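Thanks for coming. I have one structure to go through today, so let me put it up.

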Amino acid sequence: MSARNLILGDAQADRVVPPSGFTAQLTLFVAGAMAFLTVFALALSVASGRLADRWADELAGAATLRINAPADQRQAQTEAALTILNQTPGVANVRVITSEEQAAMLSPWFGADLPLDTLPVPQLVEVLADNPPYDATGLRLRLQAEVPGAVLDDHTRWREPLVDAARALRRLAVVSILLIGGATAAMITLAANAALAANSQVIEVLRLVGALDTYIAHAFVRRFTLRALLGAAVGVICGMLGIFFLPAASEEGGFLTGLGFSGLSWLLPLAIPPLGALVAFLATTRAAKKRLGALT
Amino acid sequence: MIELDNIAYNYGEGELLSNVSVQLAPGSFYFLTGPSGAGKTTLLKMCYGALAPTAGRVRAFNMDVNGLDRDQMAYLRRRVGVVHQDCRFLDHLTLIENIALPLTVSGKDLSQEEANLHELLNWVGLSERAHALPPELSGGERQRAALARAVILSPDVIIADEPTGNVDWEMSQRLLRLLVELNNMGKTVLVATHDLPLIRAAKNQVQARVLRISNRQLALAGVDL
């Protein structure tokens with residue numbers, strides 16, 4: 001059965017099986033609803049994957065050097081630390097965070113008019129790693145010896161749980177997509193079985209007048225495949241519109257925004273209708289074969 | 001054409017038929033008779049592969065019917081025209097679509113067969129009823145339509161199961177004439193019936209052989225019934 005035959009069909013052959021109003025609509029609905037859900041699971045998977053990658057990259061590349069020193073030694077220790085950092089292979093860039101920037105970072109917690117000068121706030125230095133990166137243990141040892149007040153924080157402690165969480169979220173989304181595919185196959189099998197049972201007389205007569213199994217199966221398979229394709233297409237369009245109108249990624253929304261697709265990943269949901277049709281095709285073919293095998 | 005070799009059939013409650021052997025010769029006309037429940041329909045079903053014998057072998061067109069795969073069985077059905085006892089129409093299709101069904105399922109182009117189809121409808125006298133649905137037809141019309149469907153693919157063998165079962169005498173005469181005409185065209189015809197007057201009437205028109213089932217055996221019945 002060629003794909004062309006499957007889509008265009010044969011008007012005569014199509015008349016042979018009576019139209020089935022209600023199961024047809026059920027199949028359309030199931031395919032549509034499942035495709036809609038798949039779009040969201042896919043969006044979640046893509047977005048969490050992107051988050052995991054972004055967090056892993058950004059955090060892996062950046063480290064913070066914190067210099068706790070009495071006010072009079074602060075300048076000297078900072079300079080000593082910068083010298084060490086500039087000599088260390090694998091360090092791409094070093095930047096002293098200015099006191100204005102530090103004030104901006106702290107203002108959400110302490111308010112804007114914080115008298116930073118009066119507080120023993122440590123000096124922060126941003127360290128960006130090169131590729132290949134510096135040896136963190138070696139750097140720590142050297143800093144410990146020469147700049148006693150310096151602490152290198154490469155964010156590993158809170159980076160790993162975040163990245164793990166994002167990856168777990170992606171795994172869940174992938175599992176959901178597989179479950180949705182399986183549930184669709186199960187429901188279409190049930191609908192196909194119902195249609196085959198309702199038409200058992202028709203099938204028997206077709207066999208008696210010399211119809212091949214493939215001919216009879218084709219009449220059913222074609223219907224269910226096209227319904228699944230159409231239903232899934234509508235579901236995907238609705239789902240994509242839903243994702244499109246989600247709020248865009250923003251600073252304020254944190255990681256709850258930017259959950260949709262971006263760039264080429266918008267093309268991914270377009271694979272859902274053909275895949276749904278394939279699932280329906282396989283499920284109906286299997287159901288039809290099983291039922292036809294019971295006839296002479 | 002069709003050959004039953006020492007076959008038996010058992011529905012699970014003792015044998016219905018045993019040691020039945022018969023060969024349908026090409027171009028001949030057979031009646032199969034016997035009391036109700038004697039196994040006429042069962043025997044016919046074994047001839048077109050709808051039932052497999054519990055013992056013995058059925059051969060059709062020099063092929064072992066039991067050894068056919070599903071596709072070969074479908075091709076066999078296209079070479080044997082069957083008029084079923086209950087006609088077996090698709091009620092959502094019109095009469096002409098039902099008659100053309102064997103053409104449709106074997107992938108023939110109906111537009112090319114249209115002349116044949118109308119000729120056939122005319123032959124069975126159903127031209128007026130071409131677009132009626134099967135439930136709207138009378139018993140005689142259904143039987144004639146079933147006969148038309150059985151011969152549309154021009155099979156070599158025509159098997160009819162009680163074609164005159166619920167039609168009046170005049171209609172059964174008409175059906176008989178159609179079957180005799182088919183036989184005159186060289187087709188092998190096998191008609192199961194318990195209508196003895198019909199068999200007697202046929203004897204004037206065709207040289208028919210009468211097979212009789214009694215006591216699970218098949219025997220060639222005497223000339224006089």
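Predicted model: local features only at pLDDT ≥ 70, side-chain atom pairs only at ≥ 80, totals over all residues.

Residues are numbered from 1 along each chain as its sequence is written, and chains are lettered from A and ligands numbered from 1 in the order in which they are written.

Start with α1 of chain B, residues 40–47. Helices here are DSSP runs of H or I, at least four residues, numbered from the N terminus. Six of the eight residues are buried, so this helix is largely enclosed by the rest of the structure. Buried means 20 or more other C-beta atoms within 10 Å of the residue's own, with C-beta atoms placed from the backbone. The buried ones are B:Lys40, B:Leu43, B:Leu44, B:Lys45, B:Met46 and B:Cys47. After α1(B) comes B:Gly49, with a positive phi near 80 degrees.

Next, the chains. On chain B, 19 residues are in contact with 16 of chain A; contact means C-beta atoms, placed from the backbone, within 7 Å. The largest share of chain B's side, five residues, comes from α2(B).

Last, α7(B), residues 169–184, and α8(B), residues 196–203: their axes come within 11 Å and cross at roughly 45 degrees. Axes are lines fitted to C-alpha atoms over the stretch in contact, with angles from 0 to 180 degrees between N-to-C directions. B:Ser172, B:Gln173, B:Leu176 and B:Val180 in α7(B) meet B:Leu198, B:Ala201 and B:Ala202 in α8(B).

Conventions
Buried ≥ 20, exposed ≤ 12 C-beta atoms within 10 Å, placed from the backbone. Helix = DSSP H or I, 4+ residues; strand = E, 2+ residues; numbered from the N terminus. Contact = placed C-beta atoms within 7 Å.
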